[in-house]
Amino acid sequence: MSYDLTIIGSKALPRDELIDAIRSTECFDVANQTNSGDDVLTVVVGAERDYVCSVAGPYGVEPDDVSVDVAAVVGSPRFMYTMAVEGSMPTAVEAAVRLARRLAVVVEGATTDDQTGEIWSRGQRRRMSKVQPGAAVDIVQLRWHVLRAQASSDIARRYVDLCVRYLPEALPKRYGSDEPLQGKWSDGEKAAFIQAAQHDDETLYFVSTRPCFGGSLASTAGSSGDTVITHKLSIERGALYDPPLRNNLRSLFVEFAAQPGCFFALAEVVRGLMYDGRELSYAATTERTVSLARGGRWHGLPPYPVWWTWYAREYAEMVKPHLSRGELSEGRRGTFHAWGERPLDRDAIALLLAPNEDSTDQSSSTWLPVELLATVNPRHARFFNPPLTPASAMPAQLQSP
């Protein structure tokens, strides 16, 4: 009989580094390798070299095989280590738990007690700021724009699978096409949500777990005349100052953008929404944004710079020469751009773009050439979802007849 512990982490430690990590903790040491032939390490403690446990790994794991609870606290779950206390002696179990928690920190992961299911990590769950009901909150809104004729009917499955892998808090708790939302994740979980998305002719709205607030998946079914559909997700801006969470959101953002028909995606900071403890709402002081696919028709790129953008091939060729600042990275299906690591609002980005006093280039007042941008009539600037004048330049497949 043994007492078992599992460590899931984002780092693979070579055997010598694993031994060093064990020896750096209290009075632990590694005895001779066992005769099992699979590099299992025997851990001992103290001057008497009393037996503690065996440690094995790392073994590669697929993110889909990691539980949602572990994925919520591990930035990139890729490797597994196992620990076993033969005989389950209480003093040895206590020592093994201390060692497991130390190793979880080293491999940037979490420890699971296989007997109780308890999960431990240095960060515990995602840290969230306390938002009082009625207080203003800044969010990051992610939007993926997709040509409806090329969209996959299996988009809900893709979304769920990416959430399980990278951001379980973005999974739907409740969902539906009308308020109050009638669907519950507990009623059939993944299968029921996917079925609702595939058989509903309307947009499927959902609420999530903080720091995510919720979002929507546009319908690919029915007879809508829309040529462009938009999927959305909102998350608390302050939570994204945590690097592991931010990195996971970026992975979800980019991989969801690689779906069939997606030609442009963005993540923008929207300031000053109101939060009542359950949901977000807009107020007179909320920052105005634009709907680039207003009326199901594409109007062009945003008239102001946003934190993250992603471009499919044709759009990427048009914008890359003008994105010399910030991070620009090429992927298999598109090009990702970020103005900075942390979520920057449009005013902060404008400061980055402002020419300095010594610059000889004072000509550009927009973040991209104006012919690529949708524009808002100044008379409508204070409207929510104002009418837009379409850009004069865009990929041919997005141009209205």
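E108 counts as partly exposed, because its relative accessibility is 48%. This is a predicted model. E108 also has a positive phi of about 55 degrees, although it is not a glycine.

- E108 sits in the loop between α3 (90-106) and β6 (110-113).
- The phi of E108 is about 55 degrees, a positive value.
- With 48% relative accessibility, E108 falls between the 20% and 50% cut-offs, so it is partly exposed.
- R49 is another residue other than glycine with a positive phi, near 55 degrees.
- The place of R49 is the loop between β3 (41-45) and β4.
- R49 has 40% relative accessibility and therefore counts as partly exposed.

**Cis peptide bonds**

- The peptide bond from G57 to P58 is cis. Its omega is near 10 degrees.
- P58 belongs to strand β4, which covers residues 50-60.
- A cis peptide bond also runs from E179 to P180, with omega near -5 degrees.
- P180 is found in a loop, between β9 (174-176) and β10 (183-184).

**Where to look**

- For strand β4, go to residues 50-60 and find P58 there. The loop between β3 and β4 holds R49.
- For the loop between β9 and β10, find P180.

Technical notes
Residues are numbered from 1 along each chain as its sequence is written. This is a predicted model: local features need pLDDT of at least 70, side-chain atom pairs count only at pLDDT 80 or more; totals for chains, interfaces and linings use all residues. Side-chain values use heavy atoms; hydrogens and water are left out. Helices (H or I, at least four residues) and strands (E, at least two) are DSSP runs, numbered from the N terminus. Buried means under 20% relative accessible area, exposed over 50%, partly exposed in between (1.4 Å probe, protein chains only).
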